[in-house]
Amino acid sequence: MPVAEVANHERIWVEGLNRGDVSGADLAFWPDCTVHITGVPQPVQGVGAWKELVGGLLVAFPDLHFTIDEQFGDATRIAFRWNATGTHKGPFGPIPATNRPVVITGLIIDHLRDGKVVERWEQWDQAGMLQQLGVA
């Protein structure tokens with residue numbers, strides 16, 4: 001699959017997130033994908049579990065808006081640097097809504113099979129987000 005088509009899958013996923021819709025994961029990720037996230041003790045297994053995790057984030061930050069700042073790769077791997085802004089309006093794990101705005105940055109490396117994510121490695125600034133929420 002050409003890199004432009006791979007980047008399009010990522011764009012579909014991000015645009016869906018910006019609408020509060022996780023269903024784009026079904027187009028961008030393999031059903032049996034594995035997602036490794038810094039700060040999450042065990043990898044997320046499967047697109048259903050991934051959508052559930054991200055859906056919880058969108059409940060906590062319903063106006064979350066992602067922007068891809070830089071993206072590069074080939075037919076088997078794609079990497080991007082992103083930022084997001086949002087307001088903490090719902091529960092985030094044990095943290096009740098603070099109504100505080102956040103700015104988050106992160107990096108992702110996706111390993112692909114036939115243009116879909118089979119394995120993701122993601123790092124984002126969780127400590128900075130918790131400081132912005134006033135809980136760290």
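Let's start with a pair of charged side chains: Glu15 and Arg11 meet in a salt bridge, with N and O 2.8 Å apart. Both sit in helix α1, four residues apart, which is about one turn of the helix. Keep in mind that this is a predicted model, and that α1 is where confidence in the chain is lowest, at a mean pLDDT of 78. Strand β2 (residues 44-45) has the highest, at 98. Across the chain the mean pLDDT is 92, and 95% of the residues reach 70 or more.

Why do such pairs form? Side chains of opposite charge can pair when their charged atoms come close. A search of the whole structure turns up eight salt bridges, and the table shows some of them.

| Pair | N to O distance |
|---|---|
| Glu15 and Arg11 | 2.8 Å |
| Lys51 and Asp26 | 2.9 Å |
| Arg81 and Glu70 | 3.4 Å |

What does the Lys51 and Asp26 pair do along the chain? Lys51 is in helix α3 and Asp26 is in helix α2, so this bridge ties together parts 25 residues apart in sequence. Lys51 is partly exposed, at 21% relative accessible area, and Asp26 is partly exposed too, at 38%.

Arg81 has a relative accessible area of 37%, while Glu70 has 41%. Asp69 joins in as well: Asp69, Glu70 and Arg81 are linked in a network of salt bridges.

Now for the inside. In soluble globular proteins, nonpolar side chains tend to be buried together. Here the largest nonpolar core has 32 residues, and those with the most contacts inside it are Trp13, Phe29, Trp50, Phe61, Leu64 and Trp82. Elements giving two or more residues to this core include α1 (3-18), β1 (29-37) and β5 (101-113), but α3 gives the most, with six residues.

Take Trp13 from that list. Beyond its neighbours within four places in sequence, Trp13 is in contact with Val22, Gly24, Ala25, Ala28, Phe29, Trp50, Val54 and Arg120.

Finally, there's His88, in the loop between β4 and β5. Is His88 buried or exposed? His88 counts as buried because its relative accessible area is 0%, and buried means under 20%. Leaving out residues up to four places away in sequence, His88 touches several others, among them Ala60, Phe61, Ile95, Arg100 and Leu133.

Key:
Residues numbered from 1 in each chain as written. Predicted model: local features only at pLDDT ≥ 70, side-chain atom pairs only at ≥ 80, totals over all residues. Heavy atoms only, no water. Core = buried A, V, L, I, M, F, W, Y, C linked by side-chain atoms within 4.5 Å. Buried < 20%, exposed > 50% of the residue type's maximum accessible area, 1.4 Å probe, protein only. Contact = heavy atoms within 4.5 Å. pLDDT = per-residue confidence, 0-100. Salt bridge = Lys/Arg side-chain N within 4 Å of Asp/Glu carboxyl O.
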